[in-house]
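Here is a short tour of one chain, written to be read with the structure open beside it.

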Amino acid sequence: QISTYAQNLYDAVYLYALGLEKMLADDPTASFREGKKLAGYMMSSTFDALGRKVVVNSEGDRESDYELRSYKGDKFIPIGTYISVSNNMTLSTSGWSFPGNRSLDNPPRTCGDDGYICIDPEHN
């Protein structure tokens, strides 16, 4: 498994090379020392890197993907993923845990849920 640090370094170098390639294609006399100009070519970029899609928006921010995990026993179990490119959130129906070993099918009750009586600390 590749470390997160190595993945991010790879992505940064790849993005730099991609921007440089675009800039030199538009202006063969340009220099890698023209940082502001080069940064403009790095914006709004999409590329595949190490088996995943990398998207940099028009502001230069990376669109990130996320994985939601639940800690069970001695390990983290994936219970959901968010993919920014497709704006898609997928949640698993298993792996969720709540205090008291309650499951997603039987989550903890919340104040006002099914007539559950709430304790209001201001009025007790």
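## The aromatic cluster

Tyr-10, Tyr-14 and Phe-47 come together as one aromatic cluster. Keep in mind that this is a predicted model. Across the model, the count of aromatic pairs comes to four, and Tyr-10 with Tyr-14 makes a pair that is stacked. Their ring centres are 6.1 Å apart, with 25 degrees between the planes. That pair is classed as stacked because planes under 30 degrees apart fall in that category.

Where do Tyr-10 and Tyr-14 lie? Both belong to helix 1, four residues apart, which is about one turn of the helix. As for solvent, Tyr-10 is partly exposed, at a relative accessible area of 36%, and Tyr-14 is also partly exposed, at 34%.

## How helix 1 meets helix 2

Next, have a look at the packing of two helices. Helix 1 covers residues 4-26 and helix 2 covers residues 35-42. Their axes are 8 Å apart and meet at an angle of about 105 degrees. The two helices are therefore roughly perpendicular to each other, because angles of 65 to 115 degrees are put in that class.

Which residues make the contact? Helix 1 contributes Leu-15, Tyr-16, Gly-19, Leu-20, Lys-22, Met-23 and Asp-26. From helix 2 come Lys-37, Leu-38, Tyr-41 and Met-42. Sorted by class, the contact of helix 1 with helix 2 has seven nonpolar residues, three charged ones and one polar one.

Three of them form an open sheet in the order 4-5-6, with antiparallel pairing. Strand 4 (66-72) and strand 6 (88-91) are the edge strands, each pairing on one side only. From one strand to the next, the twist averages 25 degrees.

In general, strands of a sheet pair through backbone hydrogen bonds, either parallel or antiparallel. Here, strand 4 pairs with strand 5 (residues 75-83) in the antiparallel sense, over seven bridges.

Methods. Residues are numbered from 1 along each chain as its sequence is written. This is a predicted model: local features need pLDDT of at least 70, side-chain atom pairs count only at pLDDT 80 or more; totals for chains, interfaces and linings use all residues. Side-chain values use heavy atoms; hydrogens and water are left out. Two strands pair if DSSP finds at least two bridges between them. Axes are lines fitted to C-alpha atoms, for helices over the stretch in contact, and angles run from 0 to 180 degrees between N-to-C directions. Angles under 35 degrees count as roughly parallel, over 145 as roughly antiparallel, 65 to 115 as roughly perpendicular and the rest as oblique. Contact means heavy atoms within 4.5 Å. Ala, Val, Leu, Ile, Met, Phe, Trp, Tyr, Cys and Pro count as nonpolar, Asp, Glu, Lys and Arg as charged, and the others, Gly among them, as polar. Rings of Phe, Tyr and Trp (its six-membered ring) pair if their centres lie within 6.5 Å; planes under 30 degrees apart count as stacked, over 60 as edge-to-face and the rest as tilted. Buried means under 20% relative accessible area, exposed over 50%, partly exposed in between (1.4 Å probe, protein chains only).
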